[in-house]
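Here's a quick briefing on aromatic contacts and helix packing. Have the model open as you read.

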Amino acid sequence: MYPSKKLNGLLETSTSPKGYHVVYEIEGNELYVKELWILKITDGGLYTNITDEIFPAKVDRKMNWYSGLILFTSGKGRLDGMNINYEKNVLFEINKGNIITIQHFNLEQILAYKERLFEVFKKTEEYKIIKKEGRERGWKDSTTDSFYQNIVLDYYNTMIIK
């Protein structure tokens, strides 16, 4: 949406697959970028805070360009196959930077929610493409399902199931 703000030359690692980390802040039911840290190839893998460079004023930091779901996690993590899930979870539905819905989950509840949502996702064309791509990579269907069930929230902008 904002090609002039696209970051180039980022170092992507297994702990930072996109080459950056963002710290969010909620004020008055609005979502803001509090801090933006990047891994630049030229910096030898050290994190650099570029918040003020990208978002010079507080008003610029409101995520009015974002609509979707964001899951905040905390507490003790549990490794489930290739995914880590946490004992405390808060799912936010965001519309143009404004918080519309908040739902709290414990570990068992978030796993059940993702499972139910994944059953809906499995009926989509996107799922068929993902399944095919997984098979082309040599993945078992169960491996593809396990991975995508954990990140299924990324595919929805609203809480389609309550």
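Predicted model: local features only at pLDDT ≥ 70, side-chain atom pairs only at ≥ 80, totals over all residues.

Residues are numbered from 1 along each chain as its sequence is written, and side-chain values use heavy atoms, with hydrogens and water left out.

**Aromatic rings**
- Rings of Phe, Tyr and Trp (its six-membered ring) pair if their centres lie within 6.5 Å, with planes under 30 degrees apart called stacked, over 60 edge-to-face and the rest tilted.
- That rule gives nine aromatic pairs.
- Take Phe 118 and Phe 121: their ring centres are 6.2 Å apart and the planes sit at 40°, so this pair is tilted.
- Phe 118 also pairs with Tyr 127, at 5.7 Å between centres and 85° between planes, so that one is edge-to-face.
- Both Phe 118 and Tyr 127 are buried (under 20% relative accessible area, 1.4 Å probe, protein chains only).
- Tyr 24, Phe 72 and Phe 92 make up one aromatic cluster.

**Charges over rings**
- A charge sits over a ring if NZ of Lys or CZ of Arg is within 6 Å of the ring centre and within 35 degrees of the ring normal.
- Lys 58 lies over the face of Tyr 32, 4.6 Å from the ring centre.
- Arg 137 lies over the face of Trp 139, at 4.6 Å from the ring centre.

**Helix contacts**
- Helices here are DSSP runs (H or I, at least four residues), numbered from the N terminus.
- H4 (residues 125-136) meets H5 (residues 141-151) through residues including Tyr 127 and Tyr 148, where contact means heavy atoms within 4.5 Å.

Technical notes:
Buried < 20%, exposed > 50% of the residue type's maximum accessible area, 1.4 Å probe, protein only. Axes fitted to C-alpha atoms, helices over the stretch in contact; angles between N-to-C directions. Helix = DSSP H or I, 4+ residues; strand = E, 2+ residues; numbered from the N terminus.
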